[in-house]
Amino acid sequence: MIRKLSLISFLSILVPLACQAASTEQKQFAWSIVDNNAAPLAKIGDSIFYFGELGMQEFESTKLMKEVLEAAGFTVELGAAGMPTNLWARWGTGHPAVAIVSELDALPGGSQTPLEFSRKPLVAGAPGHMEGHNTHGGVAAAAAFAVKQTMQRYNIPGSVIISFGPAEEQIISRPYIVRAGYFKDLDAVIYLHIGDGFATGYGLANYASISAHFTFHGKTAHGAVDPWDAKDALDAVALMDVGVAYLRQQLHPTYRAHRVITNGGVQPNVIPDLAQAWWWVRDANMPDAKETFDKVVNIAQGAALMTGTTVEHRVIANAWPQLGMKAIAEAVQRNIEAVGMPQWSEEEQHFARGFQKSAGREVVGLKTAVTPFGARSQSYSSNDSGDVSWTVPAGLLAFPASVPGIQYHEWHAAITPTSTIAHKGMVAGAKVLAASLLDLLTEPELLQKARAEFEATTKASPYFAVLPADAKPPLDLNKATMELYRPQMRQFYLNEAPRLN
Ligand SMILES: [Zn+2]
């Protein structure tokens, strides 16, 4: 009896140790794959940088990713959910099925010569990567490939998936991909984004938002000769603005509402029969954002009634706040701490300090310690991957590939996404991503814990689609801009064919 007991207690120590050891070995193997692919990983990111494609026009970027992933053994589908630049890649079969969720789009006016501190666009006026979404391609591909190789070597069952959704910068595509059912059969996802630190998080990471066009139709007339015959559509836009201004006092303190007038008529002596305002309404959670949005719709109808015009509104985009699961965040954090910050050279630190100084920011250099674990504060921005995180348990990963203090969406941020700083951060990010996906694939308890947390949260606040049932993705978004600049941008394409091996 005593012998039997001690055997059991011996085994109870040995078995978890053996599991843990296997897991460490698997991760070490995956990391060696990432290290071996540091050069193609960087080349993928750099190639996408020079494509500089705006949302819905990521044709070259997704073509490259398709070629890279197919050569690496993945099955790649382009065009899912009715969007030609929507990429869905898969390796393996069945469950657990885990996915990387990210994006590849650039921003208008972001063209900039890499490593130049002064404003020097590659092509004047052209779009460019002033947030660094180009780095996502290399990190996601290298991590997924390393996971695939590890699954093959260690006979780990399941599927690894990459989803690059179009047009994240205008928070467009994920509600459509969710609506098409792509995420509903997955066990977990990890949302990947560039950052200046190495961090994960849980809880609500950002804001809910709804963006819509309000178009008023009236009747034109001469502004001086017979204005009494007119129904002024611009008056309706102005009265809608006043109505929302009066509403503001009665809203939750967390709300945000902002707008531009996208059509205000042509010239003053022609009373506009057509006018349009583009509104964005946000809040800390989607039910409150939707409640405010419905009030704004009522105000638009009131403005139409006051002016004798008619109004139609079209939801352009919406996003639920990103929801991170604590169980997954804990696993990601362990991997962040195991991988650690990249070893920056003195030259890179010197460059970063010089960059911060030239951009008028605090001169602090690059971060040398990973971000401590804790619920990250909710930001006021939005990301359409939020809808994914209300459909499947999600983890969040920001990898350290940009310079602290340099704000995204300004041209300075396009100076470093092809630098060695970005490349080193990408390698570290791919390692943590690969290790975290392996955790999800090999630890059923982790998936169960994340699922229980997800069920509890979404039971308290169930997901609902904000997109109207008949909404279609705006495929012409940014088309004219890309057609204008792409011919000049082509001369900078790297024209290389990076391959993972
Ligand atoms: Zn982004």
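## Strand E3 and its side chains

In this predicted model, strand E3 sends Ala97, Ala99 and Val101 to one side and Val98, Ile100 and Ser102 to the other, and all of these residues are buried. Because six of the six residues of E3 (residues 97-102) are buried, the strand is largely enclosed by the rest of the structure. Burial here denotes a relative accessible area under 20%.

## Partners of E3

Six bridges link E3 to strand E4 (residues 158-164), and the two strands are parallel. Within this pairing, valine 98 lies opposite valine 160 of E4. Together with helix H4 (residues 134-154), E3 and E4 form a β-α-β unit of right-handed sense.

E3 also pairs with strand E5 (residues 188-195), again in the parallel sense, through four bridges. Here, valine 101 is placed opposite tyrosine 191 of E5.

## The sheet as a whole

Strands of a sheet pair through backbone hydrogen bonds, in either a parallel or an antiparallel manner. The sheet in this model is open and has six strands, arranged in the order E1-E2-E4-E3-E5-E12 with mixed pairing. Its edges are formed by strand E1 (75-78) and strand E12 (394-400), each of which pairs on one side only. On average, neighbouring strands of the sheet are turned by 20 degrees against each other, direction ignored.

Threonine 75 has arginine 90 in E2 as its bridge partner.

Definitions and conventions: Residues are numbered from 1 along each chain as its sequence is written. This is a predicted model: local features need pLDDT of at least 70, side-chain atom pairs count only at pLDDT 80 or more; totals for chains, interfaces and linings use all residues. Side-chain values use heavy atoms; hydrogens and water are left out. Two strands pair if DSSP finds at least two bridges between them. Axes are lines fitted to C-alpha atoms, for helices over the stretch in contact, and angles run from 0 to 180 degrees between N-to-C directions. Buried means under 20% relative accessible area, exposed over 50%, partly exposed in between (1.4 Å probe, protein chains only). A crossover is right-handed if, with the strands pointing away from the viewer, the path from the first strand over the helix to the second runs clockwise.
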